[in-house]
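Please look at the sequence and the structure before reading on.

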Amino acid sequence: MPAPLFHMDELRSIEFTEALHRLHGWIGSQVKATVNYYGQFFGCGMQGELLRVEFLPPEHTAISLVLAGGSGVFLDPADTQTFIGPGDGDAEPLEFRMAYGISVLVEPVATEGDQ
């Protein structure tokens, strides 16, 4: 079942570059990415170590989040609204809302040592 998304009141808008900075801080950590399509019963998720954040040609503004195991997510700031959700410090989840109702929630996964 798709992960519940945050209520609008719990989110605050941030610049894509701030989200990019936070994503770089998660490199080497376990993250979970959940893709949802608002208004439809659709969702998928992936989890793994965030290996790197790649800038995609030709403009090098869109990015690819590369997870261990070959999975990943593509994001383009040109058609993305970026939000940060409630959390503790670096554990604040990021939500990327794209055109046509697609949303990607990226959040760090707590390990046993973090709890």
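How many bridges join strand β2 to β3? In this predicted model, strand β2 (residues 30-37) and β3 run antiparallel and are joined by seven bridges. Within this pair, threonine 34 has glycine 45 in β3 as its bridge partner, and β2 and β3 form a hairpin with five residues between them, where glycine 39 in the turn has a positive phi of about 85 degrees.

Threonine 34 also stands opposite leucine 105 in β8, and β2 and β8 pair in the antiparallel sense over seven bridges. Strand β3 (residues 43-55) pairs with β4 as well, again in the antiparallel sense, over five bridges, and arginine 52 has valine 66 in β4 as its bridge partner.

| Strand pair | Bridges | Sense |
|---|---|---|
| β2 and β3 | seven bridges | antiparallel |
| β2 and β8 | seven bridges | antiparallel |
| β3 and β4 | five bridges | antiparallel |

These pairings belong to an open sheet of eight strands, in the order β1-β6-β7-β8-β2-β3-β4-β5, with antiparallel pairing. The edge strands are β1 (12-14) and β5, each of which pairs on one side only, and from one strand to the next the twist averages 35 degrees. Strands of a sheet pair through backbone hydrogen bonds, in either a parallel or an antiparallel manner.

Helix α1 (residues 16-25) lies across β1, β3, β4, β5, β6, β7 (94-98) and β8 (102-108), and runs at about 135 degrees to β7.

Threonine 82 is located in strand β6 (residues 80-84), and, leaving aside residues up to four places away in sequence, threonine 82 touches Arg12, Ser13, Ile14, Glu15, Phe16, Ala19, Glu95 and Phe96. Is threonine 82 buried or exposed? Threonine 82 counts as buried because its relative accessible area is 4%, where the cut-off for buried is under 20%.

As to confidence, the protein averages a pLDDT of 89, and 89% of the residues score at least 70. Among the elements of the protein, the lowest mean pLDDT, 94, is that of strand β5 (residues 72-75), whereas the highest, 97, is that of strand β4 (residues 63-67).

How values were computed:
Residues are numbered from 1 along each chain as its sequence is written. This is a predicted model: local features need pLDDT of at least 70, side-chain atom pairs count only at pLDDT 80 or more; totals for chains, interfaces and linings use all residues. Side-chain values use heavy atoms; hydrogens and water are left out. Helices (H or I, at least four residues) and strands (E, at least two) are DSSP runs, numbered from the N terminus. Buried means under 20% relative accessible area, exposed over 50%, partly exposed in between (1.4 Å probe, protein chains only). Contact means heavy atoms within 4.5 Å. pLDDT is the predictor's confidence in each residue, from 0 to 100. Two strands pair if DSSP finds at least two bridges between them. Axes are lines fitted to C-alpha atoms, for helices over the stretch in contact, and angles run from 0 to 180 degrees between N-to-C directions.
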